[in-house]
Amino acid sequence: FGTQVDFEGVEIEGIREVFTRDRLLKGLLPNTRLNKMIQRSFHAERGGSLYVLTHPHWFQGYKGRKTGTAHGTPYRYDTQVPLVLYGAPWFKPGRYTGEVEMVDLAPTLSTVLGLTRPSQSEGRPLSEALRL
């Protein structure tokens, strides 16, 4: 990726892409893992007019500020966290290194509890770790 994006004729250093509210509401983002995360994180009632995606490791901050951090980018370094499932009756011991998303938690717990999955859930039960 380059370090600039052209948004309506204006180049801004460090910006990878800008999505309008309209595109997010209509689900018009290309079908990629990164864009799915952006789409899932957008809240129609609280979201702004634009979603600004910086390049990896770029910081949105105040001019002149040399230090700090942010959370909430859709990049792996900002979203990768361990998931620990515990309970001998429900889960097999072991370490599983496959891809897991937060949207997988509700279907997994629903399966364990014998409940119907939430109607809006998008994930999958983590069957590799379940004792069924």
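Is Phe-19 buried or exposed? Phe-19 is buried, at a relative accessible area of 0%. Here buried stands for under 20% relative accessible area, exposed for over 50%, and partly exposed for values in between (1.4 Å probe, protein chains only). The model is predicted: local features need pLDDT of at least 70, side-chain atom pairs count only at pLDDT 80 or more, and totals for chains, interfaces and linings use all residues. Residues are numbered from 1 along each chain as its sequence is written, and side-chain values use heavy atoms, with hydrogens and water left out.

The protein has four helices and four strands. These elements are DSSP runs numbered from the N terminus (helices: H or I, at least four residues; strands: E, at least two). Along the sequence they follow the pattern β-β-β-α-α-β-α-α. Of the 132 residues, 23% count as buried. Contacts (heavy atoms within 4.5 Å) were also counted by sequence separation. Among those with a separation of 6 or more, 41% join residues 24 or more positions apart. The protein exposes about 10000 Å², and carbon and sulfur atoms supply 54% of this area. Accessible areas come from the Shrake-Rupley method with a 1.4 Å probe; for residues, only the protein chains shown count as cover.

Aromatic pairs were assigned by ring geometry. Rings of Phe, Tyr and Trp (its six-membered ring) pair if their centres lie within 6.5 Å; planes under 30 degrees apart are stacked, over 60 edge-to-face, and the rest tilted. The count by this rule is two aromatic pairs. Phe-19 and Tyr-51 form a tilted pair, with 6.4 Å centre to centre and 45° between the planes. Phe-19 lies in strand E3 (residues 15-20) and Tyr-51 in strand E4 (residues 50-54), so the pair ties together parts 32 residues apart in sequence. Tyr-51 is buried, at 17% relative accessibility. Tyr-75 and Tyr-77 form a stacked pair, at 5.9 Å centre to centre and 15° between the planes. Tyr-75 is buried, with a relative accessible area of 7%. Tyr-77 counts as partly exposed, at 41% relative accessibility.

Thr-108 is in helix H4 (residues 105-113). Its relative accessibility is 0%, and Thr-108 therefore counts as buried. Neighbours within four places in sequence aside, Thr-108 contacts Phe-91, Arg-124, Pro-125, Leu-126 and Leu-130.

Tyr-96 sits in the loop between helix H3 (76-79) and H4. Tyr-96 is partly exposed, at 38% relative accessibility. Not counting residues up to four places away in sequence, Tyr-96 touches Glu-128 and Ala-129. The C-alpha atoms of Tyr-96 and Ala-129 are separated by 7.5 Å, although these residues are 33 residues apart along the chain. The side chain of Tyr-96 reaches the backbone oxygen of Lys-92 at 3.4 Å. The Tyr-96 side chain also reaches the backbone oxygen of Glu-128, at 3.5 Å.

Two further features involve exposed residues. His-57, in the loop between E4 and H3, is exposed at 64% relative accessibility. His-57 has a positive phi of about 70° although it is not a glycine. Leu-115, in the segment after H4, is exposed at 53% relative accessibility. Leu-109, Leu-113 and Leu-115 form a nonpolar surface patch with about 300 Å² of accessible area together. Patches are made of residues with over 30% relative accessible area and no salt bridge; like charges are joined within 9 Å and nonpolar side chains (Val, Leu, Ile, Met, Phe, Trp, Tyr) within 5 Å. A salt bridge is a side-chain nitrogen of Lys or Arg within 4 Å of a carboxyl oxygen of Asp or Glu.

How values were computed:
Polar contact = N/O pair within 3.5 Å; in protein donor to acceptor, adjacent residues only side chain to side chain.
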